[in-house]
Amino acid sequence: MADMLEIDFAALSAAPVGTLVVLAGDDMALGSAARGIDERSKGALKKAAAAAGFSGKAKSAVEILAPVGIDTQRIVLLGTGKAPNELDRLMLGGAAYAQISARKGEAASILCDPADAGQAGADVFAADLAYGALLRSYTFKKYRTKKPPEDGAEGEPARDGLTRLVIQCAKPDAAAKLFQSRKALAEGVFLARDLVNEPANVLGPVEFADRMRELTAAGLEVEVLDEDQLSELKMGALLGVGQGSERPSRVVVLQWNGAKSKRAKPLCFVGKGVCFDTGGISIKPAGGMEDMKGDMGGAACVAGLMLGLAKRKAAVNAVGLLGLAENMPSGKAQRPGDIITSMSGQTIEVLNTDAEGRLVLADVIWYAQERFKPRFIVDLATLTGAILVALGKEYAGLFCNDDRLAAELSAAGEETGEKVWRMPLGKAYDKMIDSKNADMKNIGGRFGGSITGAQFIQRFIFLKDEKNKMLPWAHLDVAGTAMDSNRTDISQSWASGWGVRLLDRLVADNFEKGEK
Ligand code: BES
Ligand code: MN
Ligand code: ZN
């Protein structure tokens, strides 16, 4: 990650630094500090708004150059719309950042004095605004040795020198405090984005695992399992995926024990980490194959989530497990028709070596249950192109054997804007992966490809509670959301870091209560 944008909080009365963004509500409603600026500038804000037909609509803007009576070169009046909710506030922060970075300057100020703050207090409003701006500020430029063009390539704005953002608000100390946990999460999002953006020549399974070791600095316990250990564990499905590659596979276990009782059952998050997916012997077509450097998006999200939980000292026990492998064709690669034995003992006929993600997950999910006896497992995987056909890029596919967990995930999705759409599971779909030659096959035929993928994973959930109820498990198919996803006010990069904020919210809303 490049240096993070520095964000400070100051009083409403502080002198602005650089471009000054001033918020205006619906019908050009101004807070008292903004009214003060309007008065000192002899009505420049209201005059400019009238001239431009600006009414304070959310994210609309007017620029006022060289205002009299105010010590700044420019003011950008930015609309908040009516009663912005949490997600609106984040997006507004992103929009403010975009206005600022489109102009020159090393520092800038936002006068966070909303006339219509909705449900939020001044401190929450300011912290959310700062969080949105920070998320927007991410760029991936480490391999660009030449000065970037003015507005950056591929829609990523150059952060042309902007290094410091000051949020002026009514309760700067309280806002700064609230911002801490948001900043922690942003670090998790940035880690996930960095990992997904990194090309596969630089980030193979070993390099990914090595980067995870660095997370001990944040307080995570990090273990890396090498191929000898994976063989010992009989992870034949995961190892089969990596066997065509010159680069060995790895499994990484990240632990955060923040609950009051260190022995409380943990939440388990499992990520597909295929560092590059050529398809193997069932090789993919050349067009767009470069995108398969992002086929470790699930694992990247789990890594980012675990970093975020540790940095904000979440009151929960959580384990992140990453299945890291590279899917390559070679003389050593597995072939269509090969039958492999997974850690569970179940045999799999590999009819298509490009349906590799489910093989990786099968073993890691089995291992997670045996070792950690978790409260639930949520897995994330860029599993199928079919989920893009079904849902496009707006929603990730949610497959879940537990209505409560599904509802909690859906609610967290609506709150964070990282939305999930529940898809069906059922016996009839499960039958589609029965095989004549083995316990199952790794593809289910032409139709319902995302569902048969999920059914496959479900065959590796075995834990039951005292009442014989299956372990709550959710599978998120993030093929459409983890990479090259829709650009938003808070995510402009090819890699979105999708899922870090969603799963953090799932944890915060449902599993930390009574722990503090
Ligand atoms: N990594 C791909 C899925 C994918 C496709 C992710 C597009 C992101 C964008 C996965 O390993 C894969 O190849 N899936 C196959 C499954 C099929 C062979 C049953 C697919 O979607 O075609
Ligand atoms: Mn594949
Ligand atoms: Zn894949």
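**Cavities, pocket and zinc site**

The structure holds 3 cavities of 30 Å³ or more, a cavity being a set of points on a 1 Å grid over the protein atoms alone where a 1.4 Å probe fits but cannot get out. This is a predicted model, in which local features need pLDDT of at least 70 and side-chain atom pairs count only at pLDDT 80 or more, while totals for chains, interfaces and linings use all residues. Residues are numbered from 1 along each chain as its sequence is written, ligands are numbered from 1 in the order in which they are written, and side-chain values use heavy atoms, without hydrogens and water.

The volume of the largest cavity is about 50 Å³, taken as the space filled by probe spheres set on grid points that are joined across faces, edges and corners. Its lining (residues with an atom within 4 Å of a point) consists of A192, V196, G297, A300, C301, V478, A482, S496, G497 and W498. By residue type, the lining of the largest cavity comprises 7 nonpolar, 3 polar and no charged residues, where Ala, Val, Leu, Ile, Met, Phe, Trp, Tyr, Cys and Pro count as nonpolar, Asp, Glu, Lys and Arg as charged, and the others, Gly among them, as polar.

The largest pocket (an open set of points with protein on both sides within 12 Å along at least five of seven lines) contains about 690 Å³ of space. Of the 31 residues that line this pocket, K284, D354, L383, T384 and G385 lie nearest its centre. The elements β9, α10, α11 (386-391) and α14 (449-458) each contribute at least two lining residues. The lining of the largest pocket divides into 10 nonpolar, 11 polar and 10 charged residues.

The zinc ion (ligand 3) is coordinated at 2.0 to 2.4 Å by K272 (NZ), D277 (OD), D295 (OD) and E356 (OE); donors are N, O and S atoms within 2.8 Å of the metal (3.2 Å for Na, K and Ca), and water is not among the atoms, so sites may look incomplete. The site is octahedral, with angles of 78 to 174° among its 6 donor atoms (six donors count as octahedral if opposite donors are over 155 degrees apart and all others between 65 and 115). D277 bridges this zinc ion and the manganese ion (ligand 2), 3.1 Å apart.

Definitions and conventions. Tetrahedral: all angles 85-135°; square planar, octahedral: opposite > 155°, others 65-115°. Helix = DSSP H or I, 4+ residues; strand = E, 2+ residues; numbered from the N terminus.
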